[in-house]
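The exercises below ask you to read a protein model step by step, from its overall make-up down to single residues. Try each task before reading its solution.

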Amino acid sequence: AYAAVTGPLFAATAVVICSLPSGAHRSRALLILRRRAFRPLWIIGSLAALGGAASDPHLAETLGRHLAAVIAIGANICAALLTAQFALRFRRPIAHLIRNQPLAKRQALHGLQGVRHLIARLWHLPLLILVAVSVVATFVSAGDTSDALRRALLFAVTMGAALGLNALVRARLLRRRPHGRIQEAYAERLRAFFVLVLGIVIWLVGIELALRAWNLSLLRFSQGDGHAVASKFFGLGGTLLLAWLVWILADTAIHRGLNLHRVSPNNARAQTMLPLIRNVLFLTIFVIALIVALANMGVNVTPLLAGAGVIGLAVGFGAQSLVADLITGLFIIIEDSLAIGDYVDVGNHLGTVEGLTIRTVRLRDIDGIVHTIPFSEIKSIQNYSRQFGYAIFRLPIPQALSVDKAIEMVQEVGRSLRQDPLMGRDIWSPLELQGVESFDSGMAILRFRFKTAPIKQWEVSRAFNLRLKRYLDDAGIELASPRMNVRYEVGGSPLDQATRGGQAPSEG
């Protein structure tokens, strides 16, 4: 009867308390709780009341100590598990009730909005910790739940406070603040590092206080029997934190150094060099930190260093081509001879650089084939993607067209191409006439060029040739064709005949 009455009373009280701060902004969450939360709360309240009643000395004497303990343990464990299920199932509606407040209240308590949002996001975690500790304490206490519940509640409150304080510190300190461009990268990453260190300290203090509820202490353990273990543990943790701090400073310096003279932070050189340098630097810091950590833990690292030296010497002699690839690639990347996205000719292969490793370059040619080339096989590099390019044209002048007229025609086509809204942005200079380059088959070869954006010279050439051909067709001018002079004699008298197409008139 006690459990049957307590269950609905507990459920009704909980639902009424949740319904007190009502409003239009909370109607959906309240509807969910009223329809779905009453029955689980009823069962939880009834089981908790049954477990508490079974622990009563008078009832234990009537039922028998062992039967009462079984009933108390079973009821308390079921109530705890159902409480955990309730917290996970209704986490979002209750968070909605905690987070959403009327406008007037939000304006009056503007400074507490961050704390309210933090509680709404984390309210279920202390409850889950309390459930877990209660289940363990119920088994340990063998049904005597009064002292175990008190200790479990103190443990859960302490851990929940540590969790909330850690989340509040992270929310406050990790908020972006205005800095100069030089200090911004350092400030953000160093702030994240110190927030992590502060979080570790908060958790250590919280665990120490929570364990005091069970008459345990990490501090007493580290000062007594566990002094050696604690010293090694803190030495290992300090080494890892110091290595991480050095990595943050070095990695940020690499980013700043590569982007110092570039407008865009995502430039090709940074994308090329940064992964290589970062990998080498990370490996170096990791190896040094590992050696120092092993030494602090009492491991003799001298044989390891000697063995690593012998292995490195053997690998150096056996992999000379690999060493050559590494050294050549390092100098190519440092000298900025090529980068990801460049269109280059490395001797036997011509294509776009898609990737770089510490020993190879990956090119994709015009046919879509990917070529992986070791750096040691690259003897020369022709880079078509740096600063600018030249679109060079050679025009044979037709016999029926004068040189001056051909120059005027070419300049007019060049002006019209520069005024094109699509092609004009890739042409960086007026058409530059370089004069008559040579003579071929009786025709003057006119040479001229455009200064273009990188890798746009071929596109500009194709567009100019198309526009020039259309201009010639509209003007009725044929393209120049080779000429041939043929000399032959008829009846002993010489006759010169100029023909087109290389055919002489037949004898008849």
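What follows is a set of tasks, each with a worked solution.

**Before starting**

This is a predicted model, in which local features need pLDDT of at least 70 and side-chain atom pairs count only at pLDDT 80 or more, while totals for chains, interfaces and linings use all residues. Residues are numbered from 1 along each chain as its sequence is written, and side-chain values use heavy atoms, with hydrogens and water left out.

**Exercise 1. State how many helices and strands the protein has, and what percentage of its residues count as buried.**

Step one is the count of elements: the protein has 18 helices and 10 strands, where helices (H or I, at least four residues) and strands (E, at least two) are DSSP runs numbered from the N terminus.

Step two is burial, for which buried means under 20% relative accessible area, exposed over 50%, and partly exposed in between, with a 1.4 Å probe and protein chains only. By that rule, 32% of the 508 residues count as buried.

Step three turns to contacts, meaning heavy atoms within 4.5 Å. Among contacts between residues at least 6 apart in sequence, 64% join residues at least 24 apart.

**Exercise 2. Describe how α3 crosses α1 and how α3 crosses α5.**

Begin with α1 (residues 2-19) and α3 (residues 38-54), whose axes come within 7 Å and cross at roughly 135°. Axes here are lines fitted to C-alpha atoms, for helices over the stretch in contact, and angles run from 0 to 180 degrees between N-to-C directions. Angles under 35 degrees count as roughly parallel, over 145 as roughly antiparallel, 65 to 115 as roughly perpendicular and the rest as oblique, so α1 is oblique to α3. The crossing of this pair is right-handed; a crossing is left-handed if the near helix is turned anticlockwise from the far one by less than a right angle, and right-handed if clockwise.

Next, look at the residues in this contact: those of α1 include Tyr2, Phe10 and Val15, and those of α3 include Phe38, Trp42 and Leu50. They divide into 15 nonpolar, four polar and no charged, with Ala, Val, Leu, Ile, Met, Phe, Trp, Tyr, Cys and Pro counted as nonpolar, Asp, Glu, Lys and Arg as charged, and the others, Gly among them, as polar.

Then take α3 with α5 (residues 65-89), where the axes come within 8 Å and cross at roughly 155°, which makes α3 roughly antiparallel to α5. The crossing of α3 and α5 is left-handed. Among the residues that meet are Leu41, Ile44 and Leu47 in α3 and Ile71, Leu82 and Phe86 in α5. The residues of the contact of α3 with α5 divide into 16 nonpolar, four polar and one charged.

**Exercise 3. Identify the members of the largest nonpolar core that touch the most other members, and say which elements supply at least two residues of this core.**

A nonpolar core is a set of buried Ala, Val, Leu, Ile, Met, Phe, Trp, Tyr and Cys residues joined through side-chain atoms within 4.5 Å. Of the 23 residues in the largest one, Leu417, Phe448, Phe450 and Phe464 touch the most other members.

At least two residues each come from β6 (389-396), α17 (403-418), β8 (443-452) and α18 (457-475), and α17 gives the most, with six residues. A second, separate core of 17 residues includes Ile32, Ala87, Ala95 and Trp123.

To finish, consider α17 and α18 as a pair: their axes come within 10 Å and cross at roughly 125°, which makes α17 oblique to α18. Among the residues that meet are Val413 and Leu417 in α17, and Phe464 and Leu468 in α18. By class, the contact of α17 with α18 has 10 nonpolar, two polar and two charged residues.

**Exercise 4. Decide whether Thr452, Gln387 and Ile455 are buried, partly exposed or exposed.**

Thr452, found in strand β8, counts as buried because its relative accessibility is 0%. Its contacts, not counting residues up to four places away in sequence, include Tyr390, Trp428 and Val460.

Gln387 lies in the loop between β5 (382-383) and β6 and counts as exposed, at 61% relative accessibility. Ile455, in the loop between β8 and α18, counts as partly exposed at 31%.

Finally, check the backbone. Most residues other than glycine have a negative phi. Gln387, however, has a positive phi of about 60°, and phi of Ile455 is near 65°.
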